[in-house]
Amino acid sequence: MSAEPSPNAGSPPPISGARLARNASAMMAAQLLTWSMAFLVAIFQPRILGPLAIGQLSIAFSIWMIAGVLITFGMDTYLTKVIARDPQHTGALVGTSMLVRVALWAIGCLVVFGYDLLAVAADPTQTALIWIVGITTLLTVLSSGLIAALNGLEQTHYVSLVSVISKIVLTIVSLGLLFAGFNVIWIGWANVLAALVALAGDAFFLFRQHPPRWRIDLAAARSMLLASKQYLVTALTLMVYQQIDRLFIALFASTEAVGWYGTAVNLFGTLMFFPMAIGTVIFPTLTRRFAAGQDHLSQAARPIFNIMLALSMPIGLGLLALAEPIALLLYGEAFRPTGMVLAVLGLVLICTYLNTVLSQLLIAAERTAALNMIMIAATIATLPLDFVLVPWTDQAFGNGALGGALAYTITELGILIAAIKVLPKGTLGAQNWRASGLTGLAGIGMLISIWWLRESAFFFLAVPLGMVVYTGLVLALRALPAEDMAIIKEALTKALERLPFLRRKLAAIPPKA
């Protein structure tokens, strides 16, 4: 489908570093508290519980996260869209959706019970965690329906408030239990408590405006499921793609290996904050640019691609170099194998940062169907890759988690290549390939300069050294076009100006005569 510019529409404004900094900073500030708390739990929980308990918890959540997508059945997207168009039916829609979710959860319990009998191998702790997380899942899928309704009513501030409160409860209770010496079962119950708080909060803000209508209407339920199924495929594909590695590692390696892998992936996930925030902020711009014409889309896409690559390269390669000392510092000797997994995920990070932007580009360019096909293909490819790589790395290196990370690397690289190929012709150009090559050279130079510090007690000095070397090489090689550097400079300036202490100092400087 080609996008023709409207004859009455002017050219969209150029990419603004100030606008990018303002919007991204606002989003980052709003989410900073929840991310900080999640990071605290990600640090202390593995160190105190150990790899076996973390593996058991990861397996339980992986099972129910896949089941949760089936229970939700795409109804969240459906509810948001329908309620946004017709808020008067909110109570009836939410009531029907919640009853359907309870019924689907009951069916899911039967399926999980079968898995528990076949795969858990008489591990009472694992079985207990599976059913505790099952309760968490029920509360979570009910809450997600209420969140979808609040989003449709454009009351997302309530959603953010409840999310922060529930995250505070989870962090305080989890850390309190950990430091008091309670085991992983109690951590499972802490998740139940946090999910219950979230459900109560969401219900409070929604039901005081739109009381639910608890009525079993089979025709309405059937209609809702039929309308929602189109949204199920993408959500289910993505969830299976993200979680299947852990189940293969549990099957072909060990529960401890799942703990090593889950710990690395959780820490890796905290580094996804930047591309998610930037991708969300830039999406409206990309949508407007596509509507204005392919040339305008290309003008927006090329600098964003270069900037995301320039951001991902030092983070990913720095993680590759320093993964093992970071894992030992944060989690201790029991998690030394996590360092190998985290190092491989450093390479994944570069692909994932770019894939985040490319997925936004494909959606903005109305290539969602192509994106879905890519994700389905990646999910299918994950199965034989895990089947081969997990047992091989378990036998060769005593670390089956490494196989999951290698499979993840291959599929993310495949997604990157495929996404670039299905972009509208001309979206990316020669300047992007030039920037990729030169940025890669700068990254390799940085990696060489800091590699020797990885075995040192002063390995943390690699961070400032790497930043200086990488920045110097990018500037010396002129890896980024001048217009990209102008966007980065403007964004950094505006972001720094938003810091209160710096803003006061700048305001105190008298203007030049």
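Here is a short tour of the chain, stop by stop.

Before you click anything, note that this is a predicted model, in which local features need pLDDT of at least 70 and side-chain atom pairs count only at pLDDT 80 or more, while totals for chains, interfaces and linings use all residues. Residues are numbered from 1 along each chain as its sequence is written, and side-chain values use heavy atoms, with hydrogens and water left out.

**Whole chain**

Start with a cartoon view: you have 18 helices and zero strands. These are DSSP runs numbered from the N terminus (helices are H or I, at least four residues; strands are E, at least two). Of the 513 residues, 51% are buried (under 20% relative accessible area; exposed is over 50% and partly exposed in between, with a 1.4 Å probe and protein chains only).

**α6 and α7**

Now select residues 156–179 (α6) and 184–207 (α7): they pack at an angle of about 160 degrees, with axes 9 Å apart. The axes are lines fitted to C-alpha atoms over the stretch in contact, and angles run from 0 to 180 degrees between N-to-C directions. That angle makes α6 roughly antiparallel to α7 (the label for angles over 145 degrees; under 35 is roughly parallel, 65 to 115 roughly perpendicular and the rest oblique).

Show side chains next. On the α6 side, the residues in contact include Tyr158, Leu161 and Val162, and on the α7 side they include Trp186, Ile187 and Phe205; contact means heavy atoms within 4.5 Å. By class, this contact has 17 nonpolar, four polar and one charged residues (Ala, Val, Leu, Ile, Met, Phe, Trp, Tyr, Cys and Pro are nonpolar; Asp, Glu, Lys and Arg charged; the others, Gly among them, polar).

**Glutamine 45**

Jump to helix α1 (residues 17–49) and pick glutamine 45. Glutamine 45 is buried, at 12% relative accessible area. Leaving out residues up to four places away in sequence, glutamine 45 touches Gly50, Ile54, Leu57, Leu178 and Ile187.

**Two loop residues**

Most residues other than glycine have a negative phi. Phenylalanine 73 has a positive one, near 60 degrees; look for it in the loop between α2 (51–72) and α3 (75–85). Phenylalanine 73 is partly exposed, at 22%.

Last stop: arginine 478, in the loop between α16 (462–477) and α17 (482–497). Its phi is positive too, near 50 degrees, and arginine 478 counts as exposed at 63% relative accessibility.
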